[in-house]
Amino acid sequence: MIEVLQTGPLNTVQDLGRFGFRNAGVTSSGAMDRLALAVGNLLVGNDEGEAALEVQTFPFRLRFDRDTTVAITGADCDARLDGRRLPPWWALAVSAGQVVELATPRHSARAYLSFAGGIEVEPVMGSRSTSLRGGFGGLDGRFLAANDRLGVRPAGACVVPPGGFGAMPPETALADHFPASEDGTLLVRAIPAGEYALFGGEAERFWSQTWKISSQSDRTGYRLSGEPIKLVSPVELRSHGVVPGVVQMPPSGEAIVQMSDANTAGGYPKIAGVIDIDLWRLGQARIGSRLRFVRSSVAEALAVERAVETYLGDIRRTVPMLAEALAAMSRR
Amino acid sequence: MISIQNEPLSTPAFIAAVPAGEPKISVIGTGAYLIEAPGAFDLEAQRRIWALAHAVELWPEVREVVPGVTNLLVILKRTPVEPEQFEARLRTEWNCSRAIDLVGKTVEIPVTYGGEHATDLAAVCDYTGLTDREVVQLHWQGDYTVVALGSAPGFGYLHGLDPRIHVPRKTVPSLRMLKGTVTIGGMQTGVSVLTGPNGWNSIGFAELPMFDPMKNPPALLAPGDKVCFVPERIEL
């Protein structure tokens, strides 16, 4: 068991998402940074998609009621175990009674706490992700509160070195595949979507201008402020399915990017769609930060996906090898 | 209908009329394809979308399909290595698909028309030039078909609304419309499933739960179902 000692609103249980019910109006939910969730799970010996805690409001503190292994990935939030500082993207064995604390990160938005075995909550429609809007999944369909106690599912023996071990964060390990701009503006790759051409000459500004993530942004979607982009002439669209990453342009001309808790259907013109493999970076973007869209292609997306798969594959192979080596040493 | 080149131009758009019968196919990001039936909305096009959905959801590379209003979103398990080929297969499948009737159930939804939750009934009367009694009667006398589910868990877009009570969505949405509110949005009607902001016009209230996450299937309605509204009470 783990016990939440201190939390802000909107911290939830999330896995990789709920699939197969979009045609009934059910959003996928799931971690905003799926890569951080996957790495956290791999570090504690889980499958990539086990349920973890997504922390996006800080400070956050929890106490372990039994010995377990925990990983902290995603935003660097000056994590501490009983006051002792832990490196980012780190996994370690913890004892009953110890307290882990996360402080407000300076750069990114969301941290993930993964536990060996994964968070124990009842799957709803095949997923443990919390749907706040639907009020189901995760912990009774709500966000975490102080004094909440959550179970951790049984795990196989998970041997970690004394002091723990870590993974190289993807920003570093995959720097060649996720380029950064010189001025710190986040670069988000996207592909023109269905109504792109209806914006005529205005569409070019979608790529050229810098957008600011407005305060009206959350797990459902980000509203972007910038110079409005308008249709050449109004268009009436029939309601259609959408997916996270779709960039819609409502009549105000300020873009909306749908995120993990995206509505399943929409009717606003779609100017672009973020490539799936860049969604985790957008999921780490903070309110008030700036981004630019970079025109991409399926070929480029595939190349980045392969690099990410290699990175995850390395971690997947290394963790059991490390555990075996440690076990062999302890037998000697 | 208009068609857009797959690789949009950076200069003013090239928009051309296309032959009737050609669907529009576009992408959302790397793994989702939207195919839109040509022509005006009609149930025939919708039946063909259902046929397409049934065929495509069996394709091994497809994770899920989301039927919309005369369109279908196809979500793939992974980014296709040959996107043009996938698009071509989708187009071929559409061209082969023949309209099907889904064997749906009939769902009766008891409604309290008027009353405290029908906050837009007066505006609907103003817009349509009908009395509240006429609006209510035209609504419950309709035979409705569930065209698609979406927007929120279990929300059904219902087709079959009498054209005399087609009312556009509100320019300023209600901030906190109750779950269960019976609404009109353009040419469609439906029962809201979540309490929250809503741009459709409220004319009544229904107690019947439309969605239960612990049930299988969780949604009461399914595409192709028939819906009848039963006026349980009329408070005008």
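In chain B, the centres of domain 1 and domain 2, taken over C-alpha atoms, are separated by 28 Å. Domain 1 of chain B covers 17–98, and domain 2 covers 106–235. These bounds come from an automatic or database domain assignment. The model is predicted: local features need pLDDT of at least 70, side-chain atom pairs count only at pLDDT 80 or more, and totals for chains, interfaces and linings use all residues. Residues are numbered from 1 along each chain as its sequence is written, chains are lettered from A and ligands numbered from 1 in the order in which they are written, and side-chain values use heavy atoms, with hydrogens and water left out.

Start with the contact inside chain B. Here 7 residues of domain 1 of chain B touch 10 residues of domain 2 of chain B, where contact means heavy atoms within 4.5 Å. The two domains of chain B bury about 640 Å² between them. Carbon and sulfur atoms give 78% of that area. Buried area is the accessible area (1.4 Å probe) that two parts lose on being put together, summed over both.

Chain A also has two domains, domain 1 (2–169) and domain 2 (186–296). Their C-alpha centres lie 28 Å apart. In chain A, 26 residues of domain 1 are in contact with 19 residues of domain 2. The area buried between these domains of chain A is about 1700 Å², with 44% of it on carbon and sulfur atoms. On the domain 1 side of chain A, the residues that lose the most area to domain 2 are A:Arg22, A:Met32 and A:Arg34. Together they account for 35% of what that side buries.

Helices (H or I, at least four residues) and strands (E, at least two) are DSSP runs, numbered from the N terminus. The largest share of the lining, 6 residues, comes from α5(A). By type, the lining residues are 22 nonpolar, 8 polar and 11 charged.

Now the sheet in chain A. Seven strands form an open sheet in the order β7-β6-β9-β4-β1-β12-β11, with antiparallel pairing. Two strands pair if DSSP finds at least two bridges between them. β7 (84–85) and β11 (119–120) of chain A are at the edges with a single partner strand each, so one side of each has no neighbour in the sheet. Within the sheet, 2 bridges join β6 (80–81) to β9 (99–102) of chain A. A:Leu81 has A:Val100 in β9(A) as its bridge partner. In the loop between β6 and β7 of chain A sits A:Asp82. A:Asp82 is not a glycine, yet has a positive phi of about 50 degrees.

In chain B, β15 (226–235) pairs with two strands of opposite sense. β7 (106–114) of chain B runs parallel to β15(B), with 9 bridges, and B:Pro110 stands opposite B:Val230. β8 (144–149) of chain B pairs with β15(B) in the antiparallel sense over 2 bridges. There, B:Tyr144 stands opposite B:Val227.

Note on methods
Nonpolar A, V, L, I, M, F, W, Y, C, P; charged D, E, K, R; others polar.
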